[in-house]
Amino acid sequence: MKKSHIFLLIILAVAVAILVTTSREASTYVTFSEAYQMASQGNHRSIHVVGELKKNEKGEVVGIETGADKVSFTFIMVDDNGREQTVFYNQPIPQDFKRSEKVVVIGRYKGNIFHAEKILLKCPSKYQENTVNV
Amino acid sequence: MHYSIGNMGHFFTVTAFVAALLAAFSYIRSVHSPSDGLKQQWLLNGRFVFYIHVLAVAGAIISLFVIIYNHYFEYYYAYTYSDRRLPAHYLFSTFWNGQEGSFLLWIFWHTVLGLILIRTNRYWEAPVLAVVAVVQAFLTSMILGVVIPGIDLKIGSSPFILLRDALNDPIFKVQPDFIPEDGQGLNPLLQNYWMVIHPPVLFLGFAATLIPFSFCMGGLWMRKYRDWIRPALPWALFAGASLGLGILLGGYWAYETLNFGGYWNWDPVENAVYVPWLVLIAAIHTMIAYKNSHSALKASVVLTLAVFILILYSTFLTRSGVLGDASVHSFTDLGLSGQLLIYLLFFLIAAAILVAMHWKKFPADEKEISAYSREFWIFVGAAVLCLMGFQVLLPTSFPVINKIAAWAGINSNLATPADQVTFYSKQQIWFAVAIAVLSGIGQFFWWKKINRQQLLAELYFPALAALVLFILLISTAKIYQPAYLILSLAALFTIAANIKILSSVIRSSPSLSGGAIAHTGMGLMLIGILFSSGYSRVVSLNNTGMLISRELSEEFNRENLLLFVNEPREMYGYEIEYKGERVEPAHKRGYISKRDIEYTANPYEVIARRDIYFRGKKLYAKGEKFAINPENTFYEIEFRKNGVVKFVQYPRVQVNPRFGNMASPDITRKISLDLYTHVSAPMTEEAKQDWSQREELRIKRNATFFANDYVARIEELQRINQIGGEPLDSSFLAVKARITVDGEHETYTAEPVLIFGTQSRGGLLADEIPELGLRFTLMNIHPQTDEITIGIESRQKDWVVIKALEKPWINILWLGTGLLMTGFGIAIARRFREFSLMRRKGQE
């Protein structure tokens, strides 16, 4: 075997190793039910859940509770299948949280509460407005 | 309505597109012409049309700038990205804020580089400019904004469209000539000097990668398999420098403006430029080794072509909307994704075909590559760089993989790992170790043929120096993680090795010192990154032990601190105290308490309630009107040691109804560390309005009384003639009570106003002292008994939640960046000189 072949083989091996670790560590988009199932089966990987904040008939966001020291809070999120879930976030309420159209929480279940490690917000399209302020 | 400027802009764009096509055609004909005379004719033809293209691009840029500069809000672009209040230098940011403008910026750099190429390189002009012109045709098509009738196919999105064509607002049906008074303004986050510099530099880097690509394509095309490298190399180095600098400037902007706590977040948008840069660096290294190794030549071809393809891929990722949920700050979809995909695939396939056609004709290596040759080390280094890029590219491409899978009927819902920063960092660190070691050892092979004994002799000193420094480092800095230990050792080794080489080169031939300087810079950058990110530490730990609820009691380690105004807390060895909310005057430097200003009907204009001082300097006299930016609130936080004020921080929160709210940090810079503080939760308006039941107190005109346990006095009653800077109508009578309250540190004043109306209703203007959570209302005056009625309400004192981080040795990162850029500069000069020498000999 030529040295250059060994060299190529090593590169390939590293590339395959990267592929494997990446796919092993990749997270997935799931619903709360699937996430709950995963957690109850002992799978504690962080996953992504997409949903919206719970709103009342008037369209106001309900169910946000701030901690006494303002540095953590819980809220109620409704996933794409309509399942409601209490989510805990160990950080202050992100700015624009209530304005968000869509929320992505990344984290896992601990008991019956979903603990978010990270929250991504999709705010109403900031750039494409279809009206003029007169 | 200013129709003509937009029509001109549109005309220029179409001209630029057509001229680019014609230039490409002529240059291609020139390459393929059988006789020298014909070649020359087509070449002159191509050059002439390319000049027209350049003029047309300049015309389009000037047209767009005229529209922005003159605030022609009948145009969508000016309306959406600017307003009248925007300072002139930020009008440049407006220019490249939209996708169309940033395409124009990119196109502009291509024309500049094209002109330089025509001037410096007559030999390669035809093939290289042919490729440039084809790229220009694709890019200008992105801003054509032409709809092909019949099939309703839209090509490009024009920056010159009128507002009424862009929006379906009913007002345009009633009044087609309607022009809005003002635009919507530029996103305040982008109103930052770095955002004036960063995009042009980054796009210059984008544009510069086209030049080596064009030389490489030209080389294959003309069957000059190795000759393309010499003229391409200075350009590749230039691209490496400008793209690298562009990326770093973006990181620096994020560090100063955003609040994720650093300069790099592994966001897809960042990754999309990081990967091509890594591959570009790999390409530069193989290009340097091409003379002695045919394998390096082949690798140079593949890598050089890959860099530009990756740039196109990153454009596709960030501009097509495919990233969707994955990134917070990608461009919005303009409906150009199909066009972008065609652009990407065209060059990918063209490059692949060209390489495949010529691959067999490349000279092949006869003998095995030796482990003691520089080519070997360069190869290993280039391979590590490419794998390093691959590790980032793969997860970044998940949204694309999901799309392709869905297209093939497979359900794929891959998402990037939850903690992106850890995921990327913990793998990238090992690649960085390899790069550091290789760049230390590899440099010795650079200079001479070397065998095992010589190598060991050469390496002896740097290895020893690195070890000594390493021991010094770990005995002072507490490094425990194995990966961090190894990276710091490797980085110190490359610094020591490269300094050794530098010291021997700098005397004999300073022009060759570029590599050693750049590699020393890279080693320093690694150290700087390791400490500032790896040892970035949250210092605002909450140790009050207050719990949110029993259920969640395990969550204890909270990294934010709640500060009440005027209540000192311990943090980071300092006594810190939140002093209240501040505003910044538009035309003077300083911060002004919100209590010292009176708002007027115009939110951008306020009146000084008293003489205003900042750090002993008088800014405004009482009653003076001045301008502020009402979107910004600064939170003054004082840091004291033993009662002495060490420094004051003013982290900012920007409230913008259109773009959302945003907190930016304040950074205190010291030689060895940065202290980085940002607001993680400002007091909400609801909390500010959460007043208790009003308590009414009927007291003597000059009585002393208690308000929420503070001692308060009525100092005087005074008749006033104007409110909010506006004179009062004579049918009103207004009386102001001046109430002083002794707070913990100082005496505060509140001035509630009672207004009587003889013709219409009067009113009560309450005044609050947010520092004490008190609000006073002058309810009534009773002349018979010489008494007045005061209303007192209380609420929670003003508060703010902050997060503070320590970033050790971040200055080493900036120092390393400076050295890296210097190294690039020296190398560019050297390689350009080599090319010029050959050109003078008539070789190129």
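Author: A residue is called buried if 20 or more other C-beta atoms lie within 10 Å of its own, exposed if 12 or fewer, and partly exposed in between, with C-beta atoms placed from the backbone. This is a predicted model, in which local features need pLDDT of at least 70 and side-chain atom pairs count only at pLDDT 80 or more, while totals for chains, interfaces and linings use all residues. Residues are numbered from 1 along each chain as its sequence is written, and chains are lettered from A and ligands numbered from 1 in the order in which they are written.

Reader: Is B:Arg615 buried or exposed?

Author: B:Arg615 sits in the loop between strand 11 (612-614) and strand 12 (617-620) of chain B, where strands (E, at least two residues) and helices (H or I, at least four) are DSSP runs numbered from the N terminus. Because it has 9 other C-beta atoms within 10 Å, B:Arg615 is exposed.

Reader: What is the phi of B:Asn642?

Author: Most residues other than glycine have a negative phi. B:Asn642, in the loop between strand 14 (632-641) and strand 15 (644-649) of chain B, is not a glycine, yet its phi is positive, at about 50°.

Reader: Which residues does A:Tyr109 touch, not counting those up to four places away in sequence?

Author: A:Tyr109 belongs to strand 6 (residues 102-110) of chain A, and it is partly exposed because 19 other C-beta atoms lie within 10 Å. Two residues are in contact if their C-beta atoms, placed from the backbone, lie within 7 Å. With residues up to four places away in sequence left out, the residues touched by A:Tyr109 are A:Ala35, A:Tyr36, A:Ala39 and A:Phe114.

Reader: Which helix gives the most to the side of domain 2 of chain B that touches domain 3 of chain B?

Author: Domain bounds come from an automatic or database domain assignment, which for chain B includes domain 2 (201-410) and domain 3 (417-535 + 830-844). Their contact takes 21 residues from domain 2 of chain B and 23 residues from domain 3 of chain B. On the domain 2 side, helix 10 (229-257) and helix 14 (374-396) of chain B each supply at least two residues, and the one that gives the most, with 11 residues, is helix 14 of chain B.

Reader: How far apart do the C-alpha centres of domain 2 and domain 3 of chain B lie?

Author: The distance is taken between the C-alpha centres of the two domains of chain B, domain 2 and domain 3. These centres are separated by 23 Å.
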